[in-house]
Amino acid sequence: MKRILLFVLVCVLFVAPLAEASWGWWAPVQPNIQPPSWNQPSWPSPNPKPNPQPTPQPNPQPNPTPNPTPNPGSPILPAQPSNPGTKVPLPSSSLTSDEQTLINQVNQERTKNGLQALKIDYSLVSLAKQKSHDMAVNNYFSHVSPTLGTVYTMLDRAGVSYSRAGENIARTGSVARAHPLFMNSAGHRANILHSGYTHIGVGIVKQGTSYHVTQIFIKK
């Protein structure tokens, strides 16, 4: 009898720990996780109240309206005389020293570039003077004259024989600037240094403080 009781006690002591261990393995451990705290989103008000505009206060001492000052960038155009031609004298028929200087400068450029010097043709000098005077009288600056037409029209009307022709014109405040202006312009420089030209005529007419300069080139 004592053996039976001892056997039962031993079985109880041996099986009880096994039962606790098996239960502990199956029982999931709940992590100690606090539920996240969700912040209530902040949304703009669907009907925002506009900022009140300040009520303008009257100026107790209004500034008087200043007198308008003239704009210095807007020059006053001079009145054109009714007959501007009367203020532009006819040019001299002979070659002036300024005209001769321009011809010399042209030939110096041609010589430096290995080209033949141009010969003076006095029929071209006369036509160049006419063109410069026409620009001064009629107050324009163009290769097409409202009265004389183009340089080709002038040559044909004057009966000048040519196979090639060209024209340079300038309007400047100083005759000394005319040649540098021509040489710094591709088209004008090309006429001065054109190997096909043989003759030249130059005419200069002064109008007020401006000089109208015409160069006519032809190949005979």
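Of the 20 residues in the largest nonpolar core, those touching the most other members are Ile-192, Ile-200, Ile-204, Val-213 and Phe-217. At least two residues of this core come from each of α2, α5 (178-183), β3 (199-207) and β4 (210-219). A nonpolar core is here a set of buried Ala, Val, Leu, Ile, Met, Phe, Trp, Tyr and Cys residues joined through side-chain atoms within 4.5 Å; buried means under 20% relative accessible area, exposed over 50% and partly exposed in between, with a 1.4 Å probe and protein chains only. Helices (H or I, at least four residues) and strands (E, at least two) are DSSP runs numbered from the N terminus. Apart from this core lies another, of eleven residues, including Ala-128, Met-154, Val-160 and Ile-216.

The model is predicted: local features need pLDDT of at least 70, side-chain atom pairs count only at pLDDT 80 or more, and totals for chains, interfaces and linings use all residues. Residues are numbered from 1 along each chain as its sequence is written, and side-chain values use heavy atoms, with hydrogens and water left out.

Helix α4 (residues 151-158) has Val-151, Met-154 and Leu-155 buried. Seen down the axis of α4, its buried residues fall within an arc of 95°, so they line one face of the helix; the arc is that of the directions from the helix axis to the C-beta atoms. Asp-156 and Arg-157 are exposed on the face turned away from that buried side. The cover over the buried residues of α4 includes α3 (122-138), β2 (164-172) and β4, where covering rests on contact, meaning heavy atoms within 4.5 Å. Just after α4, Gly-159 takes a positive phi of about 75°.

Turning to charged pairs, the count comes to four salt bridges, each a side-chain nitrogen of Lys or Arg within 4 Å of a carboxyl oxygen of Asp or Glu. One of them joins the side chains of Glu-99 and Lys-129 at 2.8 Å, N to O. Glu-99 lies in helix α2 and Lys-129 in helix α3, so this pair ties together parts 30 residues apart in sequence; both residues are buried. Asp-121 and Lys-220 also meet in a salt bridge (2.8 Å, N to O). Asp-121 is buried at 8% relative accessible area, whereas Lys-220, at 55%, counts as exposed.

Within helix α2 (residues 97-112), Glu-109 forms a salt bridge with Lys-112, the closest N and O atoms being 3.5 Å apart. Glu-109 is buried at 14% relative accessible area, while Lys-112 is exposed at 65%.
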